[in-house]
Amino acid sequence: MAIRNIRENGDEILRKRAKEVDNIKEERIQILIDDMIETVHAMNGVGLAAQQVGVLKRIVVIDIYDGNGPVVLINPVILKTKGEHEVEEGCLSFPNQYAKLIRPKEVEVEAFNREGEKIRIKAKDLFAQAICHETDHLNGELFVDKMLPGTLQIVKPEEIE
């Protein structure tokens with residue numbers, strides 16, 4: 001496993017639509033998933049899309065640090081959303097930048113896990129927010145595209161505890 005470099009704002013790959021994964025069990029896909037999990041943990045992130053490490057594949061990893069470990073979603077499709085609420089969001093591709101957005105309170109997503117099994121997950125709150133954020137990445141959309149006007153904050157690294 002390896003920690004991969006995070007592509008940052010301005011990198012054109014972040015604006016591209018990722019391609020479906022055809023062969024989930026392929027060794028390089030499994031290595032990518034392992035590297036993404038290691039990378040998101042090393043960066044203290046909640047989620048990571050493959051584009052953020054320079055790979056145009058529809059793969060996301062999410063860990064909300066609830067004791068259940070990381071969730072891998074391959075070719076995810078959001079089926080339903082319910083409710084909405086204002087959240088503060090950041091992104092590993094936008095270091096030290098945060099903004100407020102309106103996100104669904106709950107989502108239902110269908111995807112494949114890393115074993116190639118079709119799964120369906122109902123998520124709430126932070127988990128739902130992360131699924132939406134990372135799925136947006138797969139479509140070339142960024143949180144700053146959806147932020148509420150005037151809410152972007154840039155925090156200097158020395159101000160972060």
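Is Asp136 buried or exposed? Asp136 is buried, with a relative accessible area of 8%. Buried means under 20% relative accessible area, exposed over 50%, and partly exposed in between (1.4 Å probe, protein chains only).

## Basis of the model

This is a predicted model, in which local features need pLDDT of at least 70, side-chain atom pairs count only at pLDDT 80 or more, and totals for chains, interfaces and linings use all residues. Residues are numbered from 1 along each chain as its sequence is written, and side-chain values use heavy atoms, with hydrogens and water left out.

## The annotated site

An unreviewed UniProt entry places the feature "binding site" at Cys91, His133 and His137. UniProt positions follow the numbering used here, feature names are shortened, and annotations may be inferred rather than shown by experiment. The three residues span 47 residues in sequence, yet no two of their C-alpha atoms are more than 10.3 Å apart, so they gather at one spot. From this set, Cys91 and His133 belong to the lining of the largest pocket. On a 1 Å grid over the protein atoms alone, a pocket is an open set of points with protein on both sides within 12 Å along at least five of seven lines; lining residues have an atom within 4 Å of a point.

His133 sits in helix H2 (residues 125-138). Helices are DSSP runs (H or I, at least four residues), as are strands (E, at least two), numbered from the N terminus. His133 is buried at 7% relative accessibility. Beyond its neighbours within four places in sequence, its contacts (heavy atoms within 4.5 Å) are Glu89, Gly90, Cys91, Arg103 and Phe143. His137 also lies in helix H2. His137 is buried too, at 1%. Not counting residues up to four places away in sequence, His137 touches several residues, including Cys91, Gln51 and Leu142.

## Salt bridges

The count comes to 16 salt bridges. Each is a side-chain nitrogen of Lys or Arg within 4 Å of a carboxyl oxygen of Asp or Glu. Arg114 and Asp34 meet at 2.9 Å, N to O. Arg114 lies in the loop between strands S6 (106-112) and S7 (118-124) and Asp34 in helix H1 (residues 27-42), so the pair ties together parts 80 residues apart in sequence. Asp34 is partly exposed, at 24%.

Arg103 pairs with Asp136, the closest N and O atoms being 2.8 Å apart. This links strand S5 (residues 94-103) to helix H2, with the partners 33 residues apart. Arg103 is buried, at 4%. Elsewhere, shared partners join Lys80, Glu108, Glu110, Lys118 and Arg120 into one network.

Terms used. On a 1 Å grid over the protein atoms alone, a cavity is a set of points where a 1.4 Å probe fits but cannot get out, and a pocket is an open set with protein on both sides within 12 Å along at least five of seven lines; lining residues have an atom within 4 Å of a point.
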